[in-house]
Amino acid sequence: MLKNVFRKRAKKVIEELYSPLSGEVIPLEHVPDPVFAQKMMGDGLAIIPSSGKVVSPTNGKIVKIFPTKHAIGLLSDKGLEILIHIGLDTVELNGEGFEIFVQNGQIVKTGEPLLKVDLEYLERKNKEIVTPVIITNILEKVESLEYAAHHVVTKGEILLTCHVKMWEKESL
């Protein structure tokens with residue numbers, strides 16, 4: 001009986017994620033790493049960057065900067081967990097070629113610089129520069145996802161449009 005007093009209902013909210021990099025957009029299925037290609041981490045897109053400046057794709061909070069500086073996790077204001085993973089096997093570089101501009105717990109705005117990566121250095125070290133941008137909590141937070149129609153994107157352009165499930169309490 002009381003379980004109906006505080007019922008929750010889903011409120012649909014749209015969140016646009018903007019490209020954190022300029023470059024060529026490819027589907028995750030084309031990333032040469034099965035963890036990303038098979039969407040084991042979540043869904044999203046990948047970018048083959050043309051420049052090494054990485055900016056925030058949304059308003060939110062930095063929740064994880066990997067010690068090797070090759071990846072950053074964000075929590076958007078609407079509850080999306082976003083992973084930006086710069087290159088493949090770049091963890092092996094132990095932070096070389098990366099410069100971080102933010103810190104864990106920092107609040108960021110869309111377009112704010114997060115890090116800089118030396119793409120030429122990565123290529124000299126025989127590392128793929130393809131950069132997956134993943135929503136890791138997609139199953140519980142996203143009702144549907146619309147992918148950018150662009151094949152080439154400039155940082156700050158819409159990359160993904162997410163129909164986010166937000167829960168609100170329903171009163172009597």
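Let me begin with glutamate 29, which forms a salt bridge with lysine 39, their closest N and O atoms lying 3.0 Å apart; by salt bridge I mean a side-chain nitrogen of Lys or Arg within 4 Å of a carboxyl oxygen of Asp or Glu. This pair links distant parts of the chain, ten residues apart, with glutamate 29 in the loop between strand E2 (23–27) and helix H1 (34–37), and lysine 39 in the loop between H1 and strand E3 (43–49). The helices (H or I, at least four residues) and strands (E, at least two) are DSSP runs, numbered from the N terminus.

Before I go on, please keep in mind that this is a predicted model, in which local features need pLDDT of at least 70 and side-chain atom pairs count only at pLDDT 80 or more, while totals for chains, interfaces and linings use all residues. Residues are numbered from 1 along each chain as its sequence is written, and side-chain values use heavy atoms, with hydrogens and water left out.

How many salt bridges does the structure hold? There are three, and a second one joins the side chains of lysine 39 and aspartate 43, at 3.2 Å from N to O, so that Glu29, Lys39 and Asp43 are linked in a network. As for exposure, buried means under 20% relative accessible area, exposed means over 50%, and partly exposed lies in between (1.4 Å probe, protein chains only). On that scale glutamate 29 is partly exposed at 45%, lysine 39 is partly exposed at 29%, and aspartate 43 is buried at 13%.

The remaining salt bridge is between the side chains of lysine 127 and glutamate 92, at 2.4 Å from N to O. Because lysine 127 lies in the loop between helix H2 (119–124) and strand E11 (131–135), and glutamate 92 in the loop between strand E7 (81–85) and strand E8 (98–100), the pair ties together parts that are 35 residues apart in sequence. Lysine 127 is buried at 15%, whereas glutamate 92 is exposed at 52%.

That brings me to E11, which is largely enclosed by the rest of the structure, because five of its five residues are buried. Thr131, Val133 and Ile135 point one way from this strand, and Pro132 and Ile134 the other way.
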